[in-house]
Amino acid sequence: MEGVPALALAGVDKSFGAVHANRAIDLSVAQGSIHGIVGENGAGKSTLMGIAYGYYRPDAGTIRVDGRVVEISEPQDAIRAGIGMVHQHFMLVETFTVLENILLGAEGGALLARGEAEARAGLARLMAEYALEVDLDARVADLDVGAQQRVEILKALWRGARILILDEPTAVLTPQETDRLFALLAKWRDQGRTVLLITHKLREILAITDRVTVMRRGAVVATLETARTSQAELAELMVGRRVLLKVDKRAAVPGAEILRAEGLRHVDARGIERLRGISFAVHAGEIVGIAGVAGNGQSELIEALAGLKPLAGGRILFKGAPVDPPGSADACRSARARRIAHVPEDRLRMGLVASFAARESAILGYHDDADLGSGPFLDPDATRTRTNRLMEAFDVRPRLPELRSANFSGGNQQKLVLGREIDRDPELLIVGQPTRGVDIGAIEFIHRRLVDLRDAGKAILLVSCELDEILSLADRILVMFDGRIAGELPRAAADERQLGLLMAGVAAAA
Amino acid sequence: MIDDALAQAVSLLASTVRLAVPLVLASLAGLFAERSGVVDIGLEGKMLSGAFAAASVAHLSGSPWAGLAAAIAVSIALAMVHAYACITQRGNQVVAGMAINVLAVGLTVVLAYAWFNEGGNTPALPDPARFKAIVLPLARALADVPVLGRVYAGLVSGHNVIVYMTVALIPVVSFAVFRTRFGLRLRAVGENPHAVDTAGISVAALRYRAMVACGTLCGIAGAYLSIAQGAAFQREMTAGRGFLALAALIFGKWMPVPAVLACLLFAFADAVQGRLQGVSLPGIGVVPVQAIQALPYLLTVLLLAGFVGRAVAPKASGIPYNKEK
């Protein structure tokens with residue numbers, strides 16, 4: 001790749017307190033290319049891109065755009081330099097219309113009327129050129145995530161971006177939407193413009209990028225030509241050792257029915273029906289995976305099954321007997337007593353208490369166990385002993401029961417929560433997003449433990465937005481769309497394309 | 001008989017307007033603050049300080065305009081203290097607002113004692129140092145025209161300049177919030193400051209500007225109380241109007257016109273209350289003055305408790321902006 005790089009970072013360094021997020025990063029992105037950046041969570045990818053976009057100020061280092069040194073100390077500077085960014089968590093005002101969101105910061109004058117007229121015309125052109133249809137007068141809160149992402153891209157284009165940075169853009173998309181996005185990016189590149197794609201999905205890197213930079217623990221470990229690398233090599237570079245990408249497992253031997261859901265319905269506080277009649281069963285010795293784009297009722301479903309969210313209709317049977325009505329005072333406790341374990345989707349919000357010591361988080365929900373204390377008192381030594389045992393069994397590092405839960409990495413937090421629940425030898429494990437924000441090494445470990453649990457004859461309900469995770473773990477796959485089960489497929493019959501159509505609500509139940 | 005009823009109605013509505021003015025100003029002040037993401041329970045304190053500054057300066061200078069300017073300046077200064085605590089230092093907005101209220105109650109009385117020695121009040125102002133009622137052209141001539149002339153003379157004419165300013169401000173604020181660049185950014189920053197930041201706009205600068213607008217309006221409201229409607233500063237003369245204005249703002253769902261209507265409703269209750277004192281009601285007899293005086297506040301509680309429906313505040317309101325989250 002010759003010529004002046006579109007974007008070049010040299011010696012960029014950034015610390016947040018004691019965390020050294022970026023260490024002397026050198027990165028050069030060629031004009032008219034798609035450049036991938038991969039790395040585990042916490043490798044510093046997002047921080048680096050935040051620096052390029054002026055969201056964070058680097059402690060040291062220079063940024064060049066088209067060969068010229070630019071001082072980027074706030075997003076305004078980056079926008080002026082032609083850098084646009086699509087953030088992982090969309091930066092949209094939900095109560096605003098699409099047009100208002102696009103105008104924000106690029107209003108074209110003190111009064112809105114003129115800028116609005118100009119933007120309507122210009123945006124119509126952009127939408128036609130890049131197949132980015134979206135209703136300019138719709139409220140953003142009413143759009144699905146795919147459309148919201150199109151709004152973010154339009155925002156960047158409308159500001160005249162020549163370098164587009166996308167942070168984990170496919171995390172919320174169906175496979176078909178991903179294809180559409182990639183087609184757009186390819187067209188964009190062919191017009192001579194530049195894309196930086198941050199992702200942890202290696203397959204996507206191989207599918208679309210020209211070059212790829214691998215980051216590990218805040219530093220760049222390699223920059224490779226995509227054509228000359230492989231998933232295995234990238235994974236090894238990311239983790240620093242060889243990893244098994246595939247979960248080894250035998251065919252499932254389903255036993256008796258453990259969980260049966262019949263016509264579950266849930267209406268949320270705003271009066272919106274989130275579950276519209278969900279029925280399915282989970283048997284001993286199988287992993288049932290629930291796939292779907294986030295926000296289609298999966299969270300409500302697992303919280304209802306765990307006893308947290310009240311139902312507006314339907315019933316839940318555990319080993320043939322109805323459970324306590326979810327949402328009632330004793331529902332969670334009685335679920336635990338029946339050995340129904342729940343690993344929540346959001347470990348920091350529901351799985352543990354960030355400010356608690358590990359030994360306190362490790363007993364949450366089981367704090368009444370007889371061996372942990374007497375009467376109203378907890379015995380710190382007993383909790384420490386139990387935590388040590390869990391940390392040993394589930395490889396939680398560092399092995400410090402007194403360390404605050406927040407100070408463990410995402411993967412170790414997750415292993416602690418998983419350990420706490422599996423330790424009780426559950427009949428049924430309900431687990432949501434088990435590897436969200438978890439590093440590859442821990443993913444490998446967690447997947448192994450889930451398969452082991454299945455092989456021990458336990459029932460597992462797995463909810464995940466990562467299609468790869470569903471495909472590699474589940475024996476049977478249900479797809480949720482808009483509060484309903486859009487379809488069910490045995491693993492052997494499932495492929496990504498078909499699941500994608502179900503996830504998008506396009507195909508009828510298979 | 002009909003004439004009498006009309007006279008009654010005109011006079012009741014005219015006093016509704018007079019009582020609504022400080023509420024409307026404070027409510028619009030609160031709108032700027034809360035739409036920008038700063039919860040402002042310090043409206044009361046800013047108004048009170050403004051009232052004191054207006055009366056003091058008007059007394060010393062003899063000019064109501066100097067008084068008004070002083071009120072605005074003092075109120076903006078307090079708003080900046082609040083802004084510094086909440087925006088720059090990311091402090092708790094409710095605590096900071098409460099601190100301003102407590103400070104205003106204490107400091108105005110202490111300064112009034114020190115400077116004027118009249119029991120915590122300021123000296124009564126002579127007419128030239130106040131904003132007096134303005135008789136609009138032809139009001140006298142038309143006063144005898146049935147209905148329309150009476151309404152014109154009694155309700156439209158005969159208010160002081162701040163009343164007319166306030167009426168003019170309502171469409172201006174509404175336009176500014178919904179049809180200008182500043183308004184778009186203001187509404188955005190109270191909903192999602194991250195979106196504003198990544199759009200290349202400074203969150204802090206935007207919020208400071210909103211607080212300047214808030215301080216300005218609170219200052220005018222304070223001046224109205226002490227040098228337009230009243231003729232001196234009296235200790236704690238705002239009497240909870242800042243909180244009433246905040247209630248009206250919530251009742252109006254953070255929109256200018258509905259908030260103004262809510263203020264008018266509260267003011268109407270207040271005007272009725274003034275007329276009911278000492279009146280014997282059929283079947284009830286004379287109601288104690290205190291019970292009648294509580295009417296507007298009772299109305300507030302009832303409205304906020306039951307009739308507002310779901311009031312959805314600006315999402316980021318009350319949360320200090322922190323990039324890293």
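Of the 510 residues of chain A, 47% count as buried, meaning that 20 or more other C-beta atoms, placed from the backbone, lie within 10 Å of a residue's own. Keep in mind that this is a predicted model: local features need pLDDT of at least 70, side-chain atom pairs count only at pLDDT 80 or more, and totals for chains, interfaces and linings use all residues. Residues are numbered from 1 along each chain as its sequence is written, while chains are lettered from A and ligands numbered from 1 in the order in which they are written.

**Overall shape**
- With 510 residues, a compact globule would have a radius of gyration near 24 Å, and chain A agrees at 24 Å (taken over C-alpha atoms; the rule is 2.2 Å times the number of residues to the power 0.38).
- The C-alpha trace of chain A spans about 70 × 45 × 45 Å along its principal axes.

- You'll find 17 helices and 22 strands in chain A (DSSP runs numbered from the N terminus: helices are H or I with at least four residues, strands E with at least two).

**A six-stranded sheet**
- Chain A has an open sheet of six strands with mixed pairing, ordered β16-β19-β20-β13-β21-β22 (two strands pair if DSSP finds at least two bridges between them).
- At the edges sit β16 (340-343) and β22 (484-490) of chain A, each pairing on one side only.
- Strand β21 (residues 476-481) of chain A runs antiparallel to β22(A), and six bridges join them.
- Across that pair, Met480(A) stands opposite Ile485(A) in β22(A).

Key. A residue is buried if 20 or more other C-beta atoms lie within 10 Å of its own, exposed if 12 or fewer, and partly exposed in between; C-beta atoms are placed from the backbone.
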